[in-house]
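Subject: Structure handover

Hello,

Here is the structure I promised to pass on. My notes follow below it.

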Amino acid sequence: MSTPSQLVLLSLLVSSTAFAATPESEFLASHGLAGKSVEQIIETIDQTPQNRPLPYSASVTSTTLKLSDGGQTYMLPLGEKFYLSAAPYENQTHPCFNHSLSGCQGEMPNATFDVKVTDNKGNTVIQKKMTSHQNGFIGLWLPRNMEGSIEVSYNGKKAVHPITTRDDSQTCLTELQLQ
């Protein structure tokens, strides 16, 4: 049977570990990301009106959100959804594979596009007007393991590109030239 001093010690251990701040939680809190899901963190960073590059590194691979303060790196799994960031453009783009939430800048910030994503069976996955963020990108949460295409229209111009959402797929689509 437990003695009262063992119960007090156990209670202190449990309460101190439950409330101990981790480097990851301190990082998230210092950047206004505490208490958010991975999806919410990605959306918050991608939609921030701050100029790029941000004071920390944030990128999205097909399976992970990577955050870094320059010394420590934090890896948060994406789960069942896939995040694709698309930057339609008319004149200028940059090569990219994994979207840098903290660094990528597209040509057309705060522009409204007609966006349609269809899978390879012809099913419409997304069809709506979307406004690009301050960084010029449109963020799309898509089903994992999908093959299909994205079509973006703007002022009578259109871009179409094939997409995949597998574990080895790109998360930064910068090849959407509007013509």
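**Sheets and strands**

Strands β4 and β11 pair in the parallel sense, over four bridges. Strands here are DSSP E runs of at least two residues, helices are H or I runs of at least four, and both are numbered from the N terminus. Two strands count as paired if DSSP finds at least two bridges between them. Within this pair, P88 has L176 of β11 as its bridge partner.

The model is predicted: local features need pLDDT of at least 70, side-chain atom pairs count only at pLDDT 80 or more, and totals for chains, interfaces and linings use all residues. Residues are numbered from 1 along each chain as its sequence is written, and side-chain values use heavy atoms, with hydrogens and water left out.

The β4 and β11 strands belong to an open sheet of three strands, ordered β8-β4-β11, with mixed pairing. β8 and β11 stand at its edges, each with a single partner strand, so one side of each has no neighbour in the sheet. Neighbouring strands of this sheet are turned by 35° against each other on average, direction ignored. Axes are lines fitted to C-alpha atoms, for helices over the stretch in contact; angles run from 0 to 180 degrees between N-to-C directions.

Another open sheet has four strands, in the order β3-β2-β1-β5, and its pairing is antiparallel. Its edges are β3 (73-77) and β5; each has a single partner strand, so one side of each is left without a neighbour in the sheet. β1 (residues 57-60) and β2 (residues 64-68) are joined antiparallel by four bridges. A58 has L67 of β2 as its bridge partner.

Two helices lie across strands of this sheet. Helix α3 (residues 38-47) lies across β1, β2, β3 and β5, at about 60° to β2.

β9 and β10 run antiparallel, joined by eight bridges. S149 stands opposite P162 of β10. The β9 and β10 hairpin has two residues between the strands, and N155 there takes a positive phi near 50°.

**Cores**

The largest nonpolar core has 21 residues. Such a core is a set of buried Ala, Val, Leu, Ile, Met, Phe, Trp, Tyr and Cys residues joined through side-chain atoms within 4.5 Å. Buried means under 20% relative accessible area, exposed over 50%, and partly exposed in between (1.4 Å probe, protein chains only). F113, V115, V117, L140, I150 and I163 have the most contacts inside this core. At least two residues come from each of β4 (81-89), β6, β7 (124-131), β8 (138-143), β9 (147-154), β10 (157-164) and β11 (172-177).

Which residues does L140 touch, leaving aside neighbours within four places in sequence? They are F82, Y83, L84, V115, V117, I126, M130 and I150. Contact means heavy atoms within 4.5 Å. A second, separate core has 19 residues, including L28, V38, L67 and W141.

**Cysteines**

There are zero disulfides in the whole structure. A disulfide is a pair of cysteine sulfur atoms within 2.5 Å. For C104, the nearest cysteine sulfur is that of C96, 3.6 Å away. C104 is buried, at 6% relative accessible area. For C172, the nearest is again that of C96, 3.1 Å away. C172 is buried too, at 0%.

**Loops and backbone**

Most residues other than glycine have a negative phi, and most peptide bonds are trans. The peptide bond from R52 to P53 is cis, with omega near 0°. P53 sits in the loop between α3 and β1. G103, in the loop between β5 (99-100) and β6 (112-119), is in contact with R52 and P53, neighbours within four places aside. G103 is partly exposed, at 35%.

N110 is in the loop between β5 and β6. Its phi is positive, about 55°, although N110 is not a glycine. N110 is partly exposed, at 47%. N145, in the loop between β8 and β9, has a positive phi near 65°. N145 is exposed, at 58%.

**Confidence**

The chain averages a pLDDT of 89, and 89% of the residues score at least 70. pLDDT is the predictor's confidence in each residue, from 0 to 100. Over residues 4-18 it stays under 50, and the model has two contacts beyond four places in sequence for them. Where pLDDT is low, the predicted coordinates should not be read in detail.

Best wishes
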